[in-house]
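Please look at the sequence and the structure shown below. The paragraphs that follow lead from aromatic rings to strands and then to single residues.

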Amino acid sequence: MKIINLALFGPGKVGSKLIQQIIAAKDQLLRNSDLEIRIILIADSSNLITDNLGFNEHWNERFSKEKHSYQFQDILKYLKNNAFTNLISIDTTASDNLPENYVDLIEHGSHIVAANKVANTLSLDFYQQLRIALKRHHKIFQYETNVGAGLPVVETIKSLYDSGEQVTRIRGVFSGSLSYIFNTYSKENVQFSEVLRKAGEFGYTEPDARVDLSGKDVARKLLILARELQLKKELEEVSIQSLLPTSLNGGTRLQHFQKQISILDDIFQKHKEENKSGEVLRYVGELNVENGSLQTRLISANAATPLGQIDGTDNIFEIYSESYKEFPLVIQGAGAGIDVTARGVFSDILKINKQLN
């Protein structure tokens with residue numbers, strides 16, 4: 001029997017769901033694959049718990065009772081002292097700081113799976129140093145959920161590039177939250193602020209919806225795909241259309257933004273009125289490989305096209321290449337949600353398992 005040891009960073013919504021999915025699949029993994037997955041460490045930003053034999057469905061109670069504060073060096077010492085085989089560190093946080101420790105984790109024998117997009121959107125120098133460390137220590141980094149949640153977008157782009165296919169352009173709706181907002185706003189006679197509030201109640205937007213409306217999340221996903229095609233780009237090179245007026249941008253407090261969101265109603269009503277008959281609003285990311293441009297913007301799309309027909313929180317990616325010139329390769333499906341993201345992380349763990357002896 002093979003044992004995979006997991007160090008989980010971020011037992012929040014996605015992390016908790018991942019633990020639940022792993023525990024639920026325990027018998028099936030043993031029966032079909034002779035595989036046991038042990039979660040030997042669970043850490044949030046301040047506290048951690050460890051168990052060399054792995055946590056079970058009562059992990060949350062143990063976390064409440066046994067958690068203790070830590071420095072990151074304590075984690076590295078724990079991993080070194082126990083010399084776990086088949087060790088994978090899982091990052092389901094939104095931390096800007098944790099990715100800076102990935103190289104240390106790799107040097108302490110860990111593969112990496114990340115839902116966190118930060119590591120792939122930091123400076124190009126960091127991006128390259130991380131890959132040098134992976135190669136030097138023969139470790140694997142999986143991050144399919146960085147773009148499109150559980151959809152196979154990163155893997156498809158990688159496969160096309162590795163096979164020599166010349167990708168010329170990628171366009172699509174990369175954000176599940178903005179997809180819901182504009183799909184709903186375009187077809188219903190409601191105020192934009194009402195749709196935005198409802199998206200927040202469903203948990204589709206970040207607690208601060210300005211993160212979504214700023215366009216930066218879409219820009220990060222666009223940059224990740226560009227780097228998969230070996231384009232040496234920085235986040236600052238992405239042309240981003242923010243959907244926020246200056247009076248509501250990040251320079252103001254969240255409480256002020258929430259009180260003033262009705263300001264957005266007139267702005268987006270004007271966008272809606274500018275649509276021609278049969279058009280809908282979509283917030284898209286566009287990568288032109290041939291001229292190296294990356295852009296996010298709000299557009300009017302024909303409702304009869306695949307881009308115009310998406311529904312709910314769907315993402316859609318149109319990939320144009322030498323083999324898909326006029327009719328692009330299209331990947332479409334739910335691009336947001338706790339369940340699909342956790343399942344995508346689980347899938348990345350199993351992909352690494354297949355590459356381990």
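The charged end of Lys 272 sits over the ring of Tyr 185, 4.2 Å from its centre; a charge is said to sit over a ring if NZ of Lys or CZ of Arg is within 6 Å of the ring centre and within 35 degrees of the ring normal. Arg 227 has its charged end placed likewise over the ring of Tyr 127, at 4.8 Å from the ring centre. This is a predicted model, in which local features need pLDDT of at least 70, side-chain atom pairs count only at pLDDT 80 or more, and totals for chains, interfaces and linings use all residues. Residues are numbered from 1 along each chain as its sequence is written, and side-chain values use heavy atoms, with hydrogens and water left out.

Tyr 185 also belongs to one aromatic cluster together with Phe 182, Phe 192 and Phe 268. The structure holds 12 aromatic pairs. Rings of Phe, Tyr and Trp (its six-membered ring) pair if their centres lie within 6.5 Å; planes under 30 degrees apart count as stacked, over 60 as edge-to-face and the rest as tilted. A pair of aromatic rings is described by the distance of the centres and the angle of the planes. Tyr 180 and Tyr 204 form a tilted pair, with 5.0 Å from centre to centre and 55° between the planes. This pair links distant parts of the chain, 24 residues apart: Tyr 180 is in helix α8 (residues 176-187), and Tyr 204 is in the loop between α9 (192-201) and α10 (210-213). Helices (H or I, at least four residues) and strands (E, at least two) are DSSP runs, numbered from the N terminus.

Are the two partners buried or exposed? Tyr 180 is buried, with a relative accessible area of 10%, whereas Tyr 204 counts as partly exposed at 32% relative accessibility. Here buried means under 20% relative accessible area, exposed over 50%, and partly exposed in between (1.4 Å probe, protein chains only). Not counting residues up to four places away in sequence, Tyr 204 touches Ser 177, Tyr 180, Ala 199 and Thr 313, where contact means heavy atoms within 4.5 Å.

The strands come next. Seven of them form an open sheet with mixed pairing, in the order β4-β3-β2-β1-β5-β6-β7; two strands pair if DSSP finds at least two bridges between them. At the edges are β4 (68-69) and β7 (141-142), each of which pairs on one side only. Strand β1 (residues 2-9) runs parallel to strand β5 (residues 87-91), and five bridges join them. Within this pairing, Phe 9 has Asp 91 in β5 as its bridge partner. β5 is in turn joined to β6 by five bridges, and these strands run parallel; Ile 88 stands opposite His 111 in β6.

How many residues of strand β6 (residues 110-114) are buried? Five of its five residues are buried, and the strand is mostly covered. Ser 110, Ile 112 and Ala 114 point one way from β6, while His 111 and Val 113 point the other way. Helix α4 (residues 72-82) lies across β1, β2 (35-43), β3 (47-50) and β5, and runs at about 150° to β2; axes are lines fitted to C-alpha atoms, for helices over the stretch in contact, and angles run from 0 to 180 degrees between N-to-C directions.

Another strand, β8 (residues 167-173), has five of its seven residues buried, so it is largely enclosed by the rest of the structure. β8 pairs with strand β12 (residues 314-321) in the antiparallel sense over six bridges, and Val 167 stands opposite Ser 321 in β12. β8 also pairs in the antiparallel sense with strand β10 (residues 279-288), over four bridges; there, Arg 169 has Asn 288 as its bridge partner.

Two glutamines complete the account. Gln 21 is found in helix α1 (residues 13-24) and is buried, with a relative accessible area of 7%. Leaving aside neighbours within four places in sequence, Gln 21 is in contact with Asp 339, Ala 342, Arg 343 and Phe 346. Gln 241 lies in the loop between β9 (239-240) and α12 (254-260) and counts as partly exposed, at 29% relative accessibility. Beyond residues up to four places away in sequence, Gln 241 touches Ser 214, Tyr 283, Thr 296, Arg 297 and Leu 298.
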